Amino acid sequence: GADAFSREVLLAMTEDAAERGERRRVDDAVRILIELGAQRETPRLLAHVALKSGRHEDALTALDVAEIGAAERAVMARALFFLGRLEDALEQANHVPTEESGRDAVIASEFAGHACIGLGRIDEGLTWLERALELAHSVADVGLKNRARHSLAVALHRAGRLQPARELYQE
């Protein structure tokens, strides 16, 4: 209904404001979302906004009160990775079902791959990044596909596997 549409529009506006660093617009949109009864989406939105602005600890704090599902775990994996907590990032990513397609599975697989590589587990990391790219092909987000392709290409290049890296770079 109208409330669902309003929530979607506000979520999109809030993400746009977050990307532009317009904290006042973000705060206004979150307040309206709460008034519309979107409390369930609010922690994830606040975490997303915190990630966009580089406030990784705030992202984790926002998610502590959320019902933890695949989307929240993908956000947590990303935040923990950027905080240098690679084992914790990998643990969160492992809880996101990657047999399903979707944005959350792509993000979780990608950050699991980066975490493994950071921990020196190169082959395991490459497997995760290959999975992220496979999953990205089922998502309509071209930017996400390009990021997954680029992540795998860089990792392959660093691992000395130049030909497959070159092929991905050229796609």
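Predicted model: local features only at pLDDT ≥ 70, side-chain atom pairs only at ≥ 80, totals over all residues.
Residues are numbered from 1 along each chain as its sequence is written, and side-chain values use heavy atoms, with hydrogens and water left out.

**Exercise 1.** Find how helix 5 and helix 6 are arranged, and which residues meet.

*Solution.* 
- Step 1: locate helix 5 at residues 70–82 and helix 6 at residues 86–94; helices are DSSP runs (H or I, at least four residues), numbered from the N terminus.
- Step 2: their axes come within 8 Å and cross at roughly 165°. Axes are lines fitted to C-alpha atoms over the stretch in contact, and angles run from 0 to 180 degrees between N-to-C directions.
- Step 3: that makes helix 5 roughly antiparallel to helix 6 (the term is used for angles over 145 degrees).
- Step 4: Arg73, Met76, Ala77, Leu80 and Phe81 in helix 5 meet Leu86, Asp88, Ala89, Gln92 and Ala93 in helix 6, where contact means heavy atoms within 4.5 Å.
- Step 5: sort these residues by class to get 7 nonpolar, 1 polar and 2 charged. Ala, Val, Leu, Ile, Met, Phe, Trp, Tyr, Cys and Pro count as nonpolar, Asp, Glu, Lys and Arg as charged, and the others, Gly among them, as polar.

**Exercise 2.** Now work out the packing of helix 9 against helix 10.

*Solution.* 
- Step 1: helix 10 covers residues 162–170, and the pair packs at an angle of about 155° with axes 8 Å apart.
- Step 2: helix 9 and helix 10 are therefore roughly antiparallel to each other.
- Step 3: on the helix 9 side the contact includes Leu152, Ala153 and Leu156, and on the helix 10 side Leu162, Pro164 and Leu168 are among the partners.
- Step 4: by class, this contact has 9 nonpolar, 2 polar and 1 charged residues.

**Exercise 3.** Describe the second largest pocket: what is its volume, and which residues lie nearest its centre?

*Solution.* 
- Step 1: the volume is about 230 Å³, taken as the space filled by probe spheres set on grid points joined across faces, edges and corners.
- Step 2: of the 14 lining residues, Glu110, His114, Ser151, Val154 and Arg158 lie nearest the centre. On a 1 Å grid over the protein atoms alone, a pocket is an open set of points where a 1.4 Å probe fits, with protein on both sides within 12 Å along at least five of seven lines; lining residues have an atom within 4 Å of a point.
- Step 3: helix 9 gives the most to this lining, with 6 residues.

Key. Helix = DSSP H or I, 4+ residues; strand = E, 2+ residues; numbered from the N terminus. Parallel < 35°, antiparallel > 145°, perpendicular 65-115°, else oblique.
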